[in-house]
There are 2 protein chains.
Amino acid sequence: MAYDLNKFFKAISDPNRVKIMELLKDKELNVSEICQHFDMQQPSVSHHLNVLKNADIVAHSKRGKEVYYRLDSICITSCCNGFQEQFVEIEKLGKA
Amino acid sequence: MAYDLNKFFKAISDPNRVKIMELLKDKELNVSEICQHFDMQQPSVSHHLNVLKNADIVAHSKRGKEVYYRLDSICITSCCNGFQEQFVEIEKLGKA
DNA sequence: TTTACACATAGGAATGTATCTATATATTAT
DNA sequence: ATAATATATAGATACATTCCTATGTGTAAA
């Protein structure tokens, strides 16, 4: 899959979205569960989830009334590594 | 040095700034030389350079009338790797 | 010591983004 | 069928970002 790097980095340039990603680090959560960790209203959370989804950072599955979101770690590593490799010699990559 | 990840990702979320970074991949350039590769006016280029500088992505040195910019690859690898490690198990990091 | 050049800064217009409230849609339970 | 719940979408407002033109600042040459 060819990820859109600009879309990816725009998506992770928002602290609320990064916080959502942290919540999803090692478990699926539905929208209501995610909302409980924020002061924002549910439509704002849905908006952020949509941005993350369009950047392929999260995937979702509907189960009953709830929609569960989970992190796609392949996207994260692929985008971060791919970007670095544009600018830094491969042999230097692990160092910092 | 502790990089500001949000500032870093905002900075690289603009295609023109990424293009500047590409131009600086393995050589220093001054502002006029950078301008030649864009349709934007010089003040816009200066603005983008300032954003990159504030994110520690580029450094600059004044020599005579010219100001030369160069890429800080430590910042790039450190931010990209640091971000990944927030979300992905270390042993999976090289894979994607 | 003016003039020319390289770059930065200021201010404004157009566009994009985040958030809210209100409402639509889909699913389940009564 | 109707109501309740979970989520998404629409539209409005506030704020941020990008780009422009005009101008300021520092350095070198005439």
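Is Met1(B) exposed or buried? Met1(B) is exposed, because its relative accessible area is 76%; exposed means over 50%, buried under 20%, and partly exposed in between, with a 1.4 Å probe and protein chains only. Met1(B) sits in the segment before α1 of chain B.

Some conventions before I go on. This is a predicted model, where local features need pLDDT of at least 70, side-chain atom pairs count only at pLDDT 80 or more, and totals for chains, interfaces and linings use all residues. Residues are numbered from 1 along each chain as its sequence is written, chains are lettered from A and ligands numbered from 1 in the order in which they are written, and side-chain values use heavy atoms, with hydrogens and water left out.

Chain A overall. Chain A contains five helices and three strands, where helices (H or I, at least four residues) and strands (E, at least two) are DSSP runs, numbered from the N terminus. In sequence order the pattern of chain A is α-α-β-α-α-β-β-α. The C-alpha trace of chain A spans about 50 × 25 × 20 Å along its principal axes. Of the 96 residues in chain A, 43% are buried. Take the contacts in chain A between residues at least 6 apart in sequence: 54% of them join residues at least 24 apart. Contact here means heavy atoms within 4.5 Å.

Next, helix α4 of chain A, residues 42–54. The expected span is 1.5 Å times one less than the number of residues. Which residues of α4(A) are buried? They are Val45(A), His48(A), Leu49(A) and Leu52(A). These residues lie on the same side of α4(A), because they cover an arc of only 100° around the axis; the arc is taken over the directions from the helix axis to the C-beta atoms. What do the buried residues of α4(A) pack against? Their partners in chain A are α1 (5–11), α2 (15–23), α3 (31–35), β2 (58–63) and β3 (66–71).

Now the counterpart in chain B. α4(B) has 13 residues and reaches 18 Å from its first C-alpha to its last, close to the 18 Å expected. Its buried residues are Val45(B), His48(B), Leu49(B) and Leu52(B). Down the axis of α4(B) they fall within an arc of 100°, so they line one face of the helix. In chain B they pack against α1 (5–11), α2, α3 (31–35), β2 and β3 (66–71).

The axes of α2(B) (residues 15–23) and α4(B) (residues 42–54) come within 10 Å and cross at roughly 75°. Axes are lines fitted to C-alpha atoms, for helices over the stretch in contact, and angles run from 0 to 180 degrees between N-to-C directions. α2(B) and α4(B) are therefore roughly perpendicular; the ranges are under 35 degrees for roughly parallel, over 145 for roughly antiparallel, 65 to 115 for roughly perpendicular, and oblique for the rest. On the α2(B) side the contact uses Asn16(B), Arg17(B), Ile20(B) and Met21(B), and on the α4(B) side His47(B), His48(B), Leu49(B), Val51(B) and Leu52(B). By class, that is five nonpolar, three polar and one charged. Nonpolar covers Ala, Val, Leu, Ile, Met, Phe, Trp, Tyr, Cys and Pro, charged covers Asp, Glu, Lys and Arg, and the others, Gly among them, are polar.

Between the chains, how do the two α5 helices pack? α5(A) and α5(B), residues 73–87 in each chain, pack at an angle of about 170° with their axes 10 Å apart. That makes them roughly antiparallel. Among the residues in this contact are Ile76(A), Cys80(A) and Phe83(A) of α5(A), and Ile76(B), Cys80(B) and Phe83(B) of α5(B). The contact has eight nonpolar, six polar and no charged residues.

Last, a backbone detail. Most residues other than glycine have a negative phi. Asp56(A) is not a glycine, yet its phi is positive, about 65°. Asp56(A) lies in the loop between α4 and β2 of chain A, and at 28% relative accessibility it counts as partly exposed. Asp56(B) also has a positive phi, near 65°. Its place is the loop between α4 and β2 (58–63) of chain B, and Asp56(B) is partly exposed at 28% relative accessibility.
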